[in-house]
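I opened a new structure today and kept notes as I went. My plan was to go from the whole chain down to single residues.

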Amino acid sequence: MKRLPDSELDIMIAIWKLGTKATRMEIEGALSNSGEWSATTILSLLSRLEKKGFVKVEKNGKQNIYEALISQENYLQEESKSVLEKMYNNSITNFMVALYSGKKPSKKQLNELQDLIDGFKEEN
């Protein structure tokens, strides 16, 4: 799976947020910075996403309906794995040190991490 540029990722996040098939206008409304996007820019980005296999387009009269083909969970999983491998030498410890460098995680965050670790230990 290819890493998306920020502009295309913004479009995908809007589609995922809608959680269903959507028109360009609905996607535009779901964009966090919608005032900064022209209709032609959004259509161009949607066309790129279709070519990359991230969205499917259906005609409904004069409107195009867009649907995500890649789930947000799958994209995040692949992106996270790639960052971990490339930037942190596949080390969760190196990642955590970088993430919390200069500040301590909260007790709640530490408890959540411990619960995650305990869950992985039980599975093994």
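The entries below follow the order in which I looked things up.

**Entry 1: the whole chain**

I note at the start that this model is predicted. I began with the secondary structure. The protein chain has six helices and two strands. Along the sequence I read the pattern α-α-α-β-β-α-α-α. Next I asked how spread out the chain is. Its radius of gyration is 19 Å, while the globule rule gives 14 Å for 124 residues, so the chain is more spread out than a compact globule. I also looked up the box that the C-alpha atoms fill. Along the principal axes it is roughly 55 × 30 × 25 Å.

**Entry 2: surface and contacts**

How much of the chain is buried? Buried residues make up 23% of the 124 residues. The protein chain exposes about 9,000 Å². Carbon and sulfur atoms supply 51% of that area. Residues 24 or more positions apart account for 48% of them.

**Entry 3: the largest pocket**

Rolling a probe the size of a water molecule over the atoms shows where empty space is left. I looked up the largest pocket. Its volume is about 360 Å³. Which elements give two or more residues to its lining? They are helix H4 (72-87), helix H5 (92-99) and helix H6 (107-123). I wrote down some of the lining residues, including Leu84, Ile92, Phe95, Leu116 and Phe120. Ser80 and Lys81 are also part of this lining. By class, the lining divides into nine nonpolar residues, one polar and one charged.

**Entry 4: the second largest pocket**

I moved on to the second largest pocket, with a volume of about 180 Å³. Met1, Lys2 and Arg3 are among its lining residues. I compared the classes. This lining has four nonpolar, one polar and seven charged residues, whereas the lining of the largest pocket has nine nonpolar and one charged.

**Entry 5: the loop between H4 and H5**

I checked backbone angles here. Asn89 lies in the loop between H4 and H5. Its phi is near 55°, a positive value in a residue other than glycine. Is Asn89 buried or exposed? Its relative accessible area is 65%, over the 50% cut-off, so Asn89 counts as exposed. Asn90 is found in the loop between H4 and H5 too. Phi of Asn90 is near 60°, again positive in a residue other than glycine.

**Entry 6: Asn94**

I followed the chain into helix H5, where Asn94 has its place. Its relative accessibility is 40%, which lies between the cut-offs of 20% and 50%, so Asn94 is partly exposed. I then took the distance to Leu84. Asn94 and Leu84 are ten residues apart in sequence, and their C-alpha atoms are 8.9 Å apart.

**Entry 7: Glu50**

My last stop was Glu50, in helix H3 (residues 39-51). At 38% relative accessibility, Glu50 counts as partly exposed. Which residues does Glu50 contact, leaving aside its neighbours within four places in sequence? They are Val55 and Val57. I also checked Ala22, which is 28 residues from Glu50 along the chain. The C-alpha atoms of Glu50 and Ala22 are separated by 14 Å.

Key: Residues numbered from 1 in each chain as written. Predicted model: local features only at pLDDT ≥ 70, side-chain atom pairs only at ≥ 80, totals over all residues. Heavy atoms only, no water. 1 Å grid on protein atoms, 1.4 Å probe; cavity = no way out; pocket = protein on both sides within 12 Å on 5 of 7 lines; lining within 4 Å. Points joined across faces, edges and corners; volume = space filled by probe spheres on them. Helix = DSSP H or I, 4+ residues; strand = E, 2+ residues; numbered from the N terminus. Nonpolar A, V, L, I, M, F, W, Y, C, P; charged D, E, K, R; others polar. Buried < 20%, exposed > 50% of the residue type's maximum accessible area, 1.4 Å probe, protein only. Rg over C-alpha atoms; globule rule 2.2 N^0.38 Å. Contact = heavy atoms within 4.5 Å. Areas by Shrake-Rupley, 256 points an atom, 1.4 Å probe, with all protein chains shown as cover.
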